[in-house]
Amino acid sequence: DGGNAESYLADSFLNSLEGALAGPSPAGVPAPLSEDGAPLSLRDARLLALAVCRSPAACRDRALARLVDVLSAAFAGGNRDALAADAQTSGLAARAIVTCVCLVDLVRGDEGLESKL
């Protein structure tokens, strides 16, 4: 919606995260891993943070709100039990929560920190 590369990157990341947290992978299809074998690598998280922080203010707010919505939906109702049963998905959720907290600090935090990115 933002019409720039950063917004596209953030939207793509959020679409992938939403799909991964929506439920277990179809039988026989392994969940994608990053190059270091982690469900969400530090490199992926940094790339998302840079993309969001370099986006226009409205796009930053939208991306952050969507990330919170994706995480909230993942832990809503019966999803919580399914999430806890799958180590790969629960690891992804944990890393996504940490990423979300960092993004809140960057987007809502000190202007000086944002300008350094």
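**Figure 1. Confidence across the predicted chain.** The protein chain averages a pLDDT of 78, and 76% of the residues score at least 70; pLDDT is the predictor's confidence in each residue, from 0 to 100. This is a predicted model, in which local features need pLDDT of at least 70 and side-chain atom pairs count only at pLDDT 80 or more, whereas totals for chains, interfaces and linings use all residues. Residues are numbered from 1 along each chain as its sequence is written, and side-chain values use heavy atoms, with hydrogens and water left out. Among the elements of the chain, α3 has the highest mean pLDDT (90) and helix α6 (residues 111-116) the lowest (52). Helices are DSSP runs (H or I, at least four residues), numbered from the N terminus. Where pLDDT is low, the predicted coordinates should not be read in detail.

**Figure 2. Salt bridge between E6 and R54.** A search of the whole structure finds three salt bridges, each defined as a side-chain nitrogen of Lys or Arg within 4 Å of a carboxyl oxygen of Asp or Glu. In one of them, the side chains of E6 and R54 meet at 3.5 Å, N to O. E6 belongs to helix α1 (residues 5-21) and R54 to the loop between α2 and α3 (57-74), so that the pair links distant parts of the chain, 48 residues apart. R54 is exposed, with a relative accessible area of 55%; exposed means over 50%, buried under 20% and partly exposed in between (1.4 Å probe, protein chains only).

Figure 3. The side chains of D11 and R62 form a salt bridge of 3.0 Å, N to O. D11 is buried at a relative accessible area of 17%, while R62 is partly exposed at 28%. A salt bridge of 2.9 Å, N to O, joins the side chains of E18 and R66. Side chains of opposite charge can pair when their charged atoms come close.

**Figure 4. Lining of the second largest pocket****.** The second largest pocket has a volume of about 200 Å³. A pocket is an open set of points on a 1 Å grid over the protein atoms alone, where a 1.4 Å probe fits, with protein on both sides within 12 Å along at least five of seven lines; lining residues have an atom within 4 Å of a point. Grid points are joined across faces, edges and corners, and the volume is the space filled by probe spheres set on the points. Helices α2 (42-53) and α5 (87-108) each supply at least two lining residues, and α5 gives the most, with five. The lining includes L40, A45, R46, R95 and C102. T99, also a lining residue, is placed in helix α5 and is buried at 9% relative accessibility. Leaving aside neighbours within four places in sequence, T99 is in contact (heavy atoms within 4.5 Å) with L40, A45 and L48.

Figure 5. Not counting residues up to four places away in sequence, N79 touches A73 and A74. N79 and L21 are 58 residues apart in sequence and 9.0 Å apart in space, C-alpha to C-alpha.
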